[in-house]
Amino acid sequence: MGKQRLAFLSDFVEAITRRTRGAPGEAETLKALSRPPSERIKAACSVLMGRIGDASRVAVAEQALAAYAELSPDEKQAFFELLRDSYGVVPDQIRSAYAAWEKKPDADAVAALFRVVEPARQTLLRRLNLAPGATLQLVRMREDLLSAIREDPSLEPIDQDFAHLLASWFNRGFLTMRRIDWNAPAAILEKIMAYETVHRMQGWPDLRRRLAANDRRLYAFFHPATGDEPLIFVEVALTTGIPTAIGPILNAPEAAAPVEADTAVFYSINNSLAGLKGVSFGNFLIKQVVAVLSSELSNLRCYVTLSPVPGFARWLSSQTDDRAVALAKALSDPAWQDDPAKAEALRPEVEAIAARYIVTERTSANLPPDPVARFHLGNGAQAHRLNWPADFAPSALKAAHGLMINYLYEVAEIEAQHEAFVRDGTVAHGAQLAEALAR
């Protein structure tokens with residue numbers, strides 16, 4: 001490390017320490033902290049990995065995250081490259097620790113090996129997380145990283161470290177579920193509107209309708225480290241019978257009195273923070289909501305989704321067999337959207353091909369290609385009924401030709417169906433899909 005770099009680090013540490021203990025010297029402090037953010041964050045990371053006191057470490061972590069927030073996209077890319085190149089593992093240390101373990105495979109040798117195989121950036125991220133409000137800032141940082149990886153896949157090892165730590169920090173034991181109603185803080189309500197992406201809201205009246213107490217519910221998971229930031233939320237409609245289209249749910253007038261519903265419909269599930277991609281909350285949330293609703297509403301007999309099928313149109317367009325090609329061509333003509341007779345004529349083929357897509361089609365990882373299907377089937381639900389046409393929103397027509405599906409959550413069957421899906425890839429499905437597969 002050059003003399004100039006050492007001098008800057010020394011000034012930086014002194015500035016932070018001076019600020020932490022309230023000592024005089026504001027001019028010197030401002031000079032050190034007014035350097036370009038790309039320099040400050042490099043210095044802060046270097047200091048964090050050294051030997052400093054706890055109070056100074058918190059202050060340095062805060063300065064590091066403040067500097068990160070000022071970085072340009074190109075500077076963020078350079079910072080991620082720094083994490084990749086300078087905060088990984090040291091191969092010679094791994095070889096030495098492994099040789100020691102082979103010679104004497106006791107607990108001390110295992111601990112020594114563990115210390116050197118963990119990339120240094122995991123320690124750095126833990127120390128950055130000491131700053132007030134750091135957890136949410138690191139989640140946002142990972143969102144930036146995921147975007148950077150699309151341009152530079154060599155940054156992928158950094159994401160493995162983020163994913164490992166976030167999975168621990170956002171363990172189910174730390175989460176709390178809250179019912180969100182119209183009396184919730186405005187900041188939370190604004191976030192719910194902003195984060196709803198399945199069926200976007202058109203303003204405050206739309207949100208108020210979705211929170212109406214007589215026939216609607218909305219539940220969200222929160223984490224103590226992220227405050228009033230909803231991590232995932234599910235919107236529920238209380239209905240009589242299983243719905244076959246989204247329009248009647250989104251456009252239904254508000255019920256004047258509590259409905260005597262027999263069905264709880266999970267019609268929109270939203271993961272709020274892109275930086276928490278891969279951290280699973282939904283299975284816990286749905287199961288907890290089922291437990292709460294069943295205890296509060298004794299008339300409920302059925303728990304079901306009305307879910308999009310976002311990968312169907314893309315998959316259909318990639319198929320080469322005559323039957324799928326013919327259906328793709330027919331659906332590409334929008335005439336069926338305004339002609340119920342044409343739609344009815346197409347329905348048997350749509351159901352047959354869609355049942356194949358959900359039940360029998362597999363990726364190279366032996367999983368259903370549809371992400372929503374993977375989510376619900378992995379939670380132990382049954383692919384119960386295909387609904388077409390069920391959603392005429394432009395985005396739904398583009399992604400799925402208007403197709404939707406009900407996934408059924410039968411409490412007594414959830415665990416067995418979950419195990420069968422995980423172990424053997426078995427897709428539990430209802431009679432309608434079974435009949436469509438036979439066509």
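Is Asp161 buried or exposed, and what is its relative accessible area? Asp161 is buried, because its relative accessible area is 4% and the cut-off for buried is under 20%. Bear in mind that this is a predicted model.

Let me place the residue. Asp161 sits in helix α10, which covers residues 156–169. Setting aside neighbours within four places in sequence, Asp161 is in contact with Pro119, Arg121 and Gln122.

Take Arg121 from that list. Arg121 and Asp161 form a salt bridge, with 2.4 Å between the closest N and O atoms. This pair links distant parts of the chain: Arg121 belongs to helix α8, residues 120–128, Asp161 belongs to helix α10, and 40 residues separate them. Arg121 also counts as buried, because its relative accessibility is 6%.

Now the wider set. How many salt bridges does the count come to? The count comes to 25 salt bridges. I will go through two others.

Next is Arg210 with Asp206. Their side chains meet in a salt bridge at 3.4 Å, N to O. Both residues lie in helix α12, residues 204–210, and they are four residues apart, about one turn of the helix. Arg210 and Asp206 are both buried. They also take part in a network of salt bridges that links Glu196, Asp206, Arg210 and Glu235.

Last, Asp215 and Arg209. The side chains of these two meet in a salt bridge with an N to O distance of 2.8 Å. Both Asp215 and Arg209 are buried.

To return to the opening residue: Asp161 is buried at 4%, and its salt-bridge partner is Arg121.

Note on methods: Residues numbered from 1 in each chain as written. Predicted model: local features only at pLDDT ≥ 70, side-chain atom pairs only at ≥ 80, totals over all residues. Heavy atoms only, no water. Helix = DSSP H or I, 4+ residues; strand = E, 2+ residues; numbered from the N terminus. Contact = heavy atoms within 4.5 Å. Salt bridge = Lys/Arg side-chain N within 4 Å of Asp/Glu carboxyl O. Buried < 20%, exposed > 50% of the residue type's maximum accessible area, 1.4 Å probe, protein only.
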